[in-house]
Amino acid sequence: MQNIVDFVLELDKLKQVTRKTRVLNSDRYENSAEHSWQIALLASSLAPYAVEAVDMDRVVAMLLVHDIGEIETGDTIVYAEGGWEERKAQELACVTRIFGMLPAEQGQRLLALWNEFEAAETAEARFAHAADRAMPVLLNLANNGQSWRENGIRHQQVVDRIGPPVRQGCPALWDYLEGRLAMAKEKGWLA
């Protein structure tokens, strides 16, 4: 029991990882734990739009563990260029340590889910990636492009970085976002 309690208390650190997008109707930036919770619910709500049959329990579990490595690396805006290989190696070391706090079978199961998400080769991982990439876009659209404007993000950056994984994992969601991104560009929210 103590291993599980230690593990869960270690996860509390994810609440301290600040992201670049503000929560709606607030000056406060979201944290990575809130992001993980919200995209798990987004994916669950989008289940009817999955192009392939997906095990939604696996999708939700992936989304709940996918950012745990940020406990040690912090969050990096998705549009950042370069440094991703080093960052992912650091995240892997972090999640290996944290999942290692659990009894072996449980820790290995969570590490396998984390690795599956990172590889994005299964239908579940592709669907999870779609939700993960879409949520910051949805928040920016609702916040008048807040983090895009603050970070000088260009329309083409969003399309190039967000489009492929969302289109691959949930084409209906990309269809929804594509027109709204064009509108955001027209409004000057994207450079």
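## Second largest pocket

Which residues lie nearest the centre of the second largest pocket? In this predicted model, that place is taken by Leu11, Leu14, Leu64, Val65 and Ile68, which belong to a lining of 14 residues. The space in this second largest pocket comes to about 220 Å³.

Helix 1 (2-11), helix 2 (32-45) and helix 3 (56-65) each supply at least two residues of this lining. By class, the lining of the second largest pocket divides into 11 nonpolar, 1 polar and 2 charged residues.

## Largest pocket

The largest pocket holds about 490 Å³ of space, and its lining is made up of 28 residues, with Thr76, Val78, Trp84, Asp132 and Arg133 lying nearest the centre. Sorted by class, the lining of the largest pocket has 12 charged, 9 nonpolar and 7 polar residues.

Several elements each supply at least two residues of this lining, namely strand 1 (18-22), helix 5 (84-99), helix 6 (104-119), helix 7, helix 8 (146-151) and helix 9 (155-169). Helix 7 gives the most to the lining of the largest pocket, its share being 5 residues.

## Enclosed cavity

Rolling a probe the size of a water molecule over the atoms shows where empty space is left. In this model the count is 1 cavity of 30 Å³ or more, and the volume of the largest cavity is about 40 Å³.

The residues lining the largest cavity are Ala50, Val51, Glu52, Val54, Ala123, Arg126, Phe127 and Gly169, which divide by class into 5 nonpolar, 1 polar and 2 charged. Here, too, helix 7 gives the most to the lining, with 3 residues.

In soluble globular proteins, nonpolar side chains tend to be buried together. The largest nonpolar core of this model has 53 residues, and those with the most contacts inside it are Leu63, Tyr79, Phe99, Val137, Trp148 and Val158. Two or more residues of this core come from each of helix 2, helix 3, helix 5, helix 6, helix 7, helix 9 and helix 10 (171-186), and helix 7 gives the most, with 10 residues.

## Asn140 and helix 7

Asn140 is a residue of helix 7, which spans residues 123-142. Its relative accessible area is 1%, and because the cut-off for burial is under 20%, Asn140 counts as buried. Apart from residues up to four places away in sequence, Asn140 touches Thr21, Gly145, Gln146, Ser147, Trp148 and Trp189; of these contacts, Trp148 is also one of the residues with the most contacts inside the largest nonpolar core.

## Positive phi angles in loops

Most residues other than glycine have a negative phi, and most peptide bonds are trans. Asn25 has a positive phi, near 60 degrees, and is found in the loop between strand 1 and strand 2 (29-31). With a relative accessibility of 82%, Asn25 counts as exposed.

Asn144 also has a positive phi, in this case near 55 degrees, and its place is in the loop between helix 7 and helix 8. The relative accessibility of Asn144 is 43%, so this residue counts as partly exposed.

How values were computed
Residues numbered from 1 in each chain as written. Predicted model: local features only at pLDDT ≥ 70, side-chain atom pairs only at ≥ 80, totals over all residues. Heavy atoms only, no water. Helix = DSSP H or I, 4+ residues; strand = E, 2+ residues; numbered from the N terminus. Buried < 20%, exposed > 50% of the residue type's maximum accessible area, 1.4 Å probe, protein only. Contact = heavy atoms within 4.5 Å. 1 Å grid on protein atoms, 1.4 Å probe; cavity = no way out; pocket = protein on both sides within 12 Å on 5 of 7 lines; lining within 4 Å. Points joined across faces, edges and corners; volume = space filled by probe spheres on them. Nonpolar A, V, L, I, M, F, W, Y, C, P; charged D, E, K, R; others polar. Core = buried A, V, L, I, M, F, W, Y, C linked by side-chain atoms within 4.5 Å.
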